[in-house]
Amino acid sequence: MKRYSVTLIGMGPRGLSILERIAAFARAHNTPLQVNLIEPGECGPGVHSPNQPQHLLINTVASQVTIFPFREAVELAPVCATPSLTEWARDQGYRRFGEQFVQVAPGEEGGAAITESDYLPRQLLGRYLVWAYDTIRAALPPTVTLTHLRQRAIDMFQMPDGSFMVELDSGFSVSSDFVFMTTGHSRNNLTDEEAWCHKFAQDHARYNGKLAFIRHVYPLDKLVGIASDARVAIEGLGLTAHDVVSQLTVGRGGRFEPAGSGLRYVRSGREPALMLFSRKCLPAAARGVNQKGLNGRHQARFFTRDAVRTLRQQAQRERGSPQLDFDRELLPLLMQEMGCAWRSALGRPVPEGAPYELGAEERAALEAMLFPLQGRSFANADDFSTFFTCMIADDLSEARRGNQGSPIKAAADVLRDARTVLQDMIEHGGLTASSHRKFLSVYNPAINRVTFGPPSHRNEQLLALIEAGVLSVAAGPNAAIRIDEDLSQFALHTRFASGAAIQHVDALIVARLDVFSPETDESALIRNLLKRGTIRPFYNGTFHPGGVDIDQANHPLDSAARPVGNLWALGYLVEGPHYYTHALPRPRMHSRHVLDAERCVHELFGQLEERASARRQVRPRAPVAAERATT
């Protein structure tokens, strides 16, 4: 029986899920395979390095994180008993000692047990994913040969027989019958403004020893060069910005101590002066205390997959296209859903099956939650700073009430629980091009800010840092980045009601992850695949939201819009035709991450069976001895 080869390019969590499904199917079908893993580092963790410091946290409670599929969501049983991150950490002997998680020997005492509501360090997530890779590798049947090539893929082209030749950065090439591209987070080339900032920092470093421009912050150890007496502007207020702030404070020897109902920051003397800014300059909302259990979810009544399907059918009949307008057709349903959860948390639930219209009270509350700057102006930087700190304090108060006890957090959690409906709504050009553009530029940032924020104590730390004078938001919203050649510093210009304010800084750090865009990605592999026409960017009309164009089965479309049947692209590569691809699976729940892997590997083994069947049909028959004629 022919041994076919399968290559996985990129072995972070997405590649891990593909490998797990390959192991499950290969065991069930006794299929001989050569599996090549192209990954320069360890297989499994991706960006979640097991070597990063423990003060960098994941933003989901560890009990809601797994890498293994939910048994009911897949055809074949997982190769492991599907432990969550929390269960694994307990099994490995990890216990909490203050802010540190330490692995203790069996029978040893001390520290506190890890709870279902703990946010664990990303270091432990990285170790969990390495362990998961080892577990999956051990589960491969003897018919599967596994090779880990610790290099980068820089090019790939199809041979006349349809197989691929993958070229590595060492010059070595790998032949493969099937390829999965799961390369994860990417880095774009510098924009014109970023190149301008980079050149200014290079040219003027001789006049200001503290001058620096950092566009890509990971790995965070590159921040070691930031001077302790520098003024540092951090562009972004999301999870990446929290990592940068933590690295330049706790990572420099500072510490937080309990103080009343909050925290107090104790300086080390090595932390620079930090300033946060962004287009909106709004803090990410803290996660509400989970009161729903591990797999509890809001049960939608209005914003449902059936409702989206009905609207599409109606649009097709009336307009000749199934594309929808988010503002006009879908936002009212989503606001209804959020309003229903808001009322339930107040003890005024809408009876099952009863009609419900969004009232003025909940509408005002929801709009203020999503767009708190609407209708506001600020006299000066101090006025905005007061608003910012009050907003964090009020939000923390709501977070402590929980995702069922707080009307605001209950409504925000609807957005998290409605993720699959949002995917149905937007994917593969489900919105009109103009609506798609507006959703990603206006609504998606608001959804991310109120729903997928940091653990609560991250925002408690922000307040403590502001109180200690280590951190400020004096730049305010819509600060423009300029340069001051005389002072050899960057200058942030912001318009307030009382006039323009200018903040001079020595270092400018861009704390945000790039949207994957094939045409601006710095990867040699993507650049060469585009040039060859093997892939093309995804466009919804004239709008490019990012990502590689794919069909419904995750096959990239080539430059002639033909699907490449033995090639699959998953995860961040297809964030554009797909939506919200980077979430890890949750235990005992159907997960897009797992379902993609299941569907694609199922098709792989279907193609393997078709090829085996074709080979059996063309196999020449053994010669048959001629019968001797009788007379």
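## Exercises: a cavity and a helix pair

The largest cavity here has a volume of about 150 Å³. (A cavity is a set of points on a 1 Å grid over the protein atoms alone where a 1.4 Å probe fits but cannot get out; points are joined across faces, edges and corners, and the volume is the space filled by probe spheres set on them.) The model is predicted: local features need pLDDT of at least 70 and side-chain atom pairs pLDDT 80 or more, while totals for chains, interfaces and linings use all residues. Residues are numbered from 1 along each chain as its sequence is written, and side-chain values use heavy atoms, leaving out hydrogens and water.

**Exercise 1.** Work out which residues line the largest cavity nearest its centre.

*Solution.*
1. Lining residues have an atom within 4 Å of a point.
2. The lining has 14 residues, and Arg-287, Gly-288, Asn-403, Asp-413 and Arg-416 lie nearest the centre.
3. Now look at the elements, which are DSSP runs (helices H or I, at least four residues): helix H10 (407-417) gives the largest share, 4 residues.

**Exercise 2.** Decide how helix H7 sits against helix H12.

*Solution.*
1. Grab H7 (residues 326-345) and H12 (residues 433-451): they pack at about 50°, axes 11 Å apart. Axes are lines fitted to C-alpha atoms over the stretch in contact, with angles from 0 to 180 degrees between N-to-C directions.
2. That angle makes H7 oblique to H12, because under 35 degrees is roughly parallel, over 145 roughly antiparallel, 65 to 115 roughly perpendicular, and the rest oblique.
3. For contacts (heavy atoms within 4.5 Å), Phe-326, Asp-327 and Leu-331 in H7 meet Ser-435, Lys-438, Phe-439 and Tyr-443 in H12.

How values were computed:
Helix = DSSP H or I, 4+ residues; strand = E, 2+ residues; numbered from the N terminus. 1 Å grid on protein atoms, 1.4 Å probe; cavity = no way out; pocket = protein on both sides within 12 Å on 5 of 7 lines; lining within 4 Å.
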